[in-house]
Structures are given as structure tokens and as C-alpha cells.
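Biologist: I have a model open and would like to learn how to read its features. Could you walk me through a few of them?

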Amino acid sequence: MCKLCVFAGTTEGRELVEFLRSQPTSVTACVATEYGETLLKPGDNLMISAKRMTREDMAALFRKERFDLVVDATHPYASAVTQNICQACAETGTEYLRLLRSDDDKAADAVFVPDIPAAVAYLNQVTGNILLTTGSKELAKFSSVTDFAGRVFARVLPMEDSLRLCREAGLPPSHILAMQGPFSREMNAAMLRSVAAAYLVTKQSGSAGGFEEKISAAREVGATAVVIGRPPQIAGLDFSGVVSCLCSRFGFTWKPEISIVGIGPGSRAFLTSAAEEAIRHADCVIGAKRMLESAALPGQPVVEAIAPEAIAEYIHSHREYRRFAVVMSGDVGFFSGTKKLLPMLSDCKVRTLPGISSLVYLCAKLGTSYENVVCVSAHGRQRNLCADVSRHRRVFVLTGGENGMGILCQKLVKGGLGHVTVSVGQNLGYPEEKIVTGTAESLSSNRFPSLCAALIENPSAKVTVTQGLPDDTFLRAESVPMTKSEVRCLCLSKLRLTADAVVWDVGAGSGSVTMEMALAASEGQIYAIERRETALALLEKNRDKFQAENVTIVPGTAPEACRELPAPTHAFIGGAGGNLRGIIGLLLEKNPNVRIVATAIALESVGELTRCLQQFPFRETDVVCLTVAKARKAGAYSLMTGQNPIYLFTMQGGMGECGR
């Protein structure tokens with residue numbers, strides 16, 4: 001097992017120690033104070049040294065422990081400490097590696113300026129109180145700071161000359177802090193709080209001048225340190241480079257950190273603070289162009305990618321980045337690509353950060369709740385929206401594509417739903433945001449942008465849907481047979497459709513069973529296979545009447561016309577054209593677990609289906625002979641007229657529960 005030493009004086013240093021805790025190595029983490037020790041999590045392979053060390057102390061530690069490598073992750077302005085580490089490594093023959101801070105992290109700790117005029121110029125661009133810790137001799141050079149007497153507090157030595165220079169510069173007595181150092185981090189923090197300082201001005205004075213204590217205190221209270229004089233930086237590697245080096249040399253493994261971030265409607269104003277932080281600290285931001293333009297920071301590395309496969313591939317092939325932010329529109333759990341992406345990142349350290357969904361945003365703008373809203377998406381997916389609106393009083397819809405919302409309103413009108421109220425949110429969260437409300441009919445002639453969402457309200461929705469619609473609900477033709485209501489109801493019950501079922505309706509005829517299946521499996525797909533031209537034309541008309549977008553009409557004779565269709569979860573055979581054995585064989589080949597319901601009137605068909613029950617490997621079979629008699633008027637009397645008996649065969653594939 002290798003032995004490493006990390007001088008963990010920075011956030012990166014602590015993160016490196018955290019990484020090494022999970023690796024096959026023995027780690028000694030060196031920090032200067034007990035406070036620094038509290039920032040490190042303990043570990044079985046971790047020893048913490050919390051004290052200031054001279055060069056001699058470091059050399060003695062290196063000789064005793066015989067480290068394979070020393071990583072210097074101290075602050076860039078702690079140049080004296082870095083010099084001591086380098087010299088101690090040279091004296092003991094220990095390998096040295098410098099971990100460099102990123103520019104973003106340095107800026108978060110301090111603003112570096114070359115001289116006092118530059119410091120004054122910076123302070124004149126900002127507002128807030130200032131604590132000067134540069135002494136009294138150069139205090140007059142700061143007198144040109146805007147509102148000098150009101151904003152500036154000076155910490156000087158308690159000597160007459162110091163006080164005189166403060167008075168000559170124009171500072172009132174209440175803004176003079178005459179004290180003798182050294183000052184601890186706690187004392188510096190208390191002074192910053194006492195004067196409500198937003199900025200602390202200091203020179204690069206090294207450890208003798210208490211520089212690290214000043215910087216730590218400023219960070220603790222949220223003040224910005226303005227440092228006069230940028231320290232020289234020794235050559236080294238950034239965090240990702242150091243980790244890659246350690247992995248290559250010692251066989252370590254590491255997981256990139258991925259934040260999947262919901263960025264809300266689109267405007268940066270609606271980012272949560274957690275989302276902003278994740279994006280700010282990301283080494284690379286991935287997402288669609290529109291989202292990158294809204295969320296990424298200027299100069300930040302970005303990658304345009306939408307498909308989960310492309311995002312995952314980029315993350316896995318770019319080890320130079322430590323942290324990724326994958327930005328998703330709206331909320332990560334609301335019709336988001338996050339669901340598909342997460343399994344592809346199982347070998348990474350992933351967290352998801354929710355955002356404000358378009359549903360929440362639009363309902364807030366409309367001043368209404370969303371607790372009883374049914375949410376659907378027509379963006380890049382097939383959906384029977386007319387069925388949803390017919391069944392539910394309130395439906396939220398996401399659309400996409402050129403004038404997708406206008407096309408939706410036209411479909412509602414065509415489906416007999418032109419009276420429903422549609423509230424359309426266009427470009428939500430952007431400067432060009434617009435919300436319009438009207439009936440589907442009144443909005444059907446409008447043109448809408450691709451980025452739209454809508455709340456559709458239908459007070460007369462038929463919330464309860466039963467099987468077996470009246471026969472006169474469907475368009476009919478004398479030459480095209482139709483499965484009657486009572487038979488249709490039992491067939492649908494035997495099928496046991498699921499909401500996302502994939503169904504083959506073989507010999508669809510007029511489409512009465514097809515349309516009822518489309519209503520029941522609103523999230524699924526129905527394939528209506530029919531060979532007769534007159535029946536195909538009637539199918540088209542009934543599909544248009546019901547606006548059954550999840551119905552695909554397949555012209556041709558089964559089983560040949562079905563070979564390229566997706567595997568079915570369910571099948572209804574209303575007419576086989578003498579090809580029952582071939583149709584059932586193909587169904588079981590496509591999905592051995594398929595559930596089949598077939599009807600027969602002719603005795604020849606009954607015999608063929610009976611033989612199929614015996615020859616194919618069904619787990620469950622059922623046969624029902626159904627005779628229906630309906631009343632008809634004969635003068636003053638009502639007489640029952642019997643219809644032809646019909647046989648219902650139910651066949652369940654042999655591998656378990658029905659479904660995919």
C-alpha cells in the first residue's frame with residue numbers, strides 16, 4: 001500500500017483527501033489549525049496533523065513516514081509554506097506535486113490587484129463597508145475611495161503617529177480600530193462583523209503578517225478579500241490532473257461528480273440557489289443549446305448534447321473534467337431525459353437537483369392549483385390527447401415542433417372538443433413570454449412557437465369510461481361487419497388491456513373494437529390490420545371521429561402484413577381470413593407472453609381455434625359461447641330477437657403475467 005501526504009489548505013486539498021479516503025492508500029493530511037481539522041472527515045486510512053510546521057518539522061515527518069508522494073494543496077498566497085514543503089522534499093528525496101487552484105476558486109476567495117491604485121479603482125466599483133488592514137503609512141492613498149469617511153474602517157497600531165495619519169486622511173475616530181496583533185481568525189471575523197464589512201483589504205504579507213487568518217475570516221463571514229500583490233505560482237496540475245496522475249501511478253479509481261440540474265422555465269432568474277451553485281462549480285456544462293445559453297457562465301466549457309446516450313458517452317470519455325452539470329429544462333422528474341440518463345451514469349457520483357416545472361410555472365401565472373391536473377406530453381411521443389381531454393376535467397400538455405399547439409387545438413376541434421378552454425403558455429420564463437386563453441376552436445387558427453405548454457379545462461369531461469359504447473357511436477357501412485356492443489364489452493374485458501399496451505387488432509373491420517382499445521390504452525399503441533378497401537376507408541373515418549392518434553392502420557392480410565410490426569402485448573382476432581394458425585404462431589413468435597382474444601361464428605373457425613388451443617404452448621385458455629337476444633317492437637309487444645351465437649377464445653402465453 002502506498003503512503004501519501006497532502007497539505008490540505010484549500011477546498012481542493014480537502015476534496016483530494018476525501019477522494020483518497022476511499023482508495024487503497026495510507027494518507028497523512030496536514031492542516032495548520034484545529035479549525036482546518038474539523039473540515040476533514042475521519043477515515044480508517046487517514047491520519048490528520050493539525051499544527052503549524054516549520055521546514056525542519058516537515059523534513060522530520062517526511063523522513064519518518066517515507067511518503068511515496070507529497071501533494072501541496074495549500075493556498076496560492078501561502079508562498080512561504082509552499083517554499084518550506086519544496087525544500088523539505090528536496091532535503092529528504094521525497095517526490096513533490098503541486099495542486100493548483102482553478103481561477104474560479106481563487107476568485108471566490110479573493111480579488112487580486114497589483115497595487116493600491118488598482119485596489120482603489122476596484123473598491124470604487126462596488127458598494128459596502130471596507131476594513132483596511134494595510135497599516136497607517138499608506139492610508140492617505142485610499143482617501144479617494146468613494147465615501148471614504150463613511151465606508152472605510154482602518155485597523156492600525158495603537159500609536160500616536162498612526163492615529164495622526166488616520167485623522168489627516170479624514171477618518172472619523174469611530175472608524176479607527178487601534179489594536180496590536182497578532183490576530184486570530186476568530187478575532188478577524190469578529191472585527192469584520194462589528195463594522196459590517198463587505199470587503200477586507202490586505203497585502204500579501206505571508207504567515208508572519210497573519211495573512212491566512214485574514215483570508216479565512218473573510219471567507220467565514222462572506223466578505224471579499226482584496227489582496228494587493230499576486231503571489232507567484234509554482235508549476236503543477238489542477239485537481240483533475242492530480243487525480244488522473246494518482247490513478248495512473250497507484251491504480252486508483254475515481255467517479256466523476258454529476259449534477260443533473262433542472263433549470264426551470266428557461267430564464268436564469270428562476271434557477272434555484274442549489275442549481276446556480278452546481279453550475280458555477282462545474283468544470284463542464286452539458287445540455288441543449290437553448291438551456292446552455294440560459295444557464296452556463298461566460299467562458300465556461302459547454303457541450304451541446306440532448307440524447308442521454310450522447311451525454312453519458314461524453315462524460316465517460318472526458319476524464320479531464322471533475323464536475324459536470326447536465327442542465328435539463330423544467331424539473332428533472334417531469335417529462336425529463338433524466339429518467340433515461342440515470343441508469344447510464346451508474347458508475348458515477350450523481351445527484352439530481354429539481355427545478356421549477358412548466359406545470360408549476362404556468363399554473364402559478366394562471367393563479368390556479370395543479371393538484372388535480374393530469375399531465376401528458378405530446379413532445380416527441382405518441383399520445384391520444386382527445387381521449388385524455390374527454391376523460392379528465394383538467395389536462396396539462398407539453399407540445400413541441402412547429403406550431404405544435406395550434407395543431408393540438410385543431411385536433412381537439414376535429415374530435416368534438418372545440419368548446420374546451422385552453423390556456424397556452426408560450427416561451428415561459430423568457431422575455432417574449434406570452435399567455436393566451438380561449439376555446440380550442442378560437443385558438444385553432446393561431447400560430448404558436450415550438451416552446452409551448454397548455455392547461456386544458458373540460459368541465460363536461462366524462463370522468464367514468466365504461467366498455468361497450470353504443471353501436472351508433474361508430475360510423476358504419478352495410479358491407480363491413482361490426483362487433484356489437486355486448487360482445488365488444490366482453491372481448492375487451494377478457495383482453496385485460498393495460499394503459500401502455502401494444503395491441504394488434506387483426507381483421508379490424510369498422511374499427512369499433514379498435515377505437516375502444518385506443519381509449520383504454522391511451523398511453524399505448526393500437527395496430528389495426530385490415531385487407532378490405534371498404535373497411536379501410538371506414539377505419540380511417542372512425543379514427544378521425546375519435547381522434548385516435550394512437551391507432552395505426554395497417555393495410556394487408558395477416559400474418560404477412562404484421563411481420564414488421566412491434567411485438568404485441570395483446571391481440572384481438574376478429575377476422576383471420578383462414579390464416580388463424582399462422583397469425584397465432586406469429587403472435588407467439590413476437591411475444592411468447594402475448595394475451596390473445598379471438599372470436600368465431602363459423603363452426604370451421606371454432607374448430608380451427610380449438611386445435612390451436614391444443615397445439616400452441618398456452619399457459620391459460622378459456623372458451624365462452626355467448627348468445628345475445630335484443631328486444632324489438634312488434635306492434636304493441638316487445639319480442640326478443642336472438643343473434644347468432646359467438647364463441648370467444650382467450651389464450652394467455654406461457655411465460656407468466658401478460659405484458660411486455
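Biologist: How much space lies in the second largest pocket?

Modeller: Rolling a probe the size of a water molecule over the atoms shows where empty space is left. Here the second largest pocket holds about 970 Å³ of space. A pocket is an open set of points on a 1 Å grid over the protein atoms alone, where a 1.4 Å probe fits, with protein on both sides within 12 Å along at least five of seven lines. The volume is the space filled by probe spheres set on the points, which are joined across faces, edges and corners.

Modeller: Before going on, note that this is a predicted model, where local features need pLDDT of at least 70 and side-chain atom pairs count only at pLDDT 80 or more, while totals for chains, interfaces and linings use all residues. Residues are numbered from 1 along each chain as its sequence is written, and side-chain values use heavy atoms, leaving out hydrogens and water.

Biologist: Which residues that line the second largest pocket are the closest to its centre?

Modeller: Pro481, Gly574, Gly575, Thr599 and Ile601, out of 48 lining residues, where lining means having an atom within 4 Å of a point. The lining has 22 nonpolar, 17 polar and nine charged residues; Ala, Val, Leu, Ile, Met, Phe, Trp, Tyr, Cys and Pro count as nonpolar, Asp, Glu, Lys and Arg as charged, and the others, Gly among them, as polar. Elements that each supply at least two lining residues include β26 (595–600) and α24. Helices (H or I, at least four residues) and strands (E, at least two) are DSSP runs, numbered from the N terminus.

Biologist: What does glutamate 608 touch?

Modeller: Glutamate 608 sits in helix α24 (residues 603–615). Leaving aside residues up to four places away in sequence, glutamate 608 is in contact (heavy atoms within 4.5 Å) with Leu580 and Arg581.

Biologist: Where are the cis peptide bonds between glycine 181 and proline 182, and between alanine 558 and proline 559?

Modeller: Proline 182 is in the loop between β9 (176–178) and α9 (185–194), and its bond from glycine 181 has omega of about 5°. Proline 559 is in the loop between β24 (551–555) and β25, with omega near 10° for the bond from alanine 558.

Biologist: Asparagine 403 has a positive phi. Is asparagine 403 buried or exposed?

Modeller: Buried, at 6% relative accessible area; buried means under 20%, exposed over 50%, and partly exposed in between (1.4 Å probe, protein chains only). Phenylalanine 335, with phi near 50°, is partly exposed at 34%.
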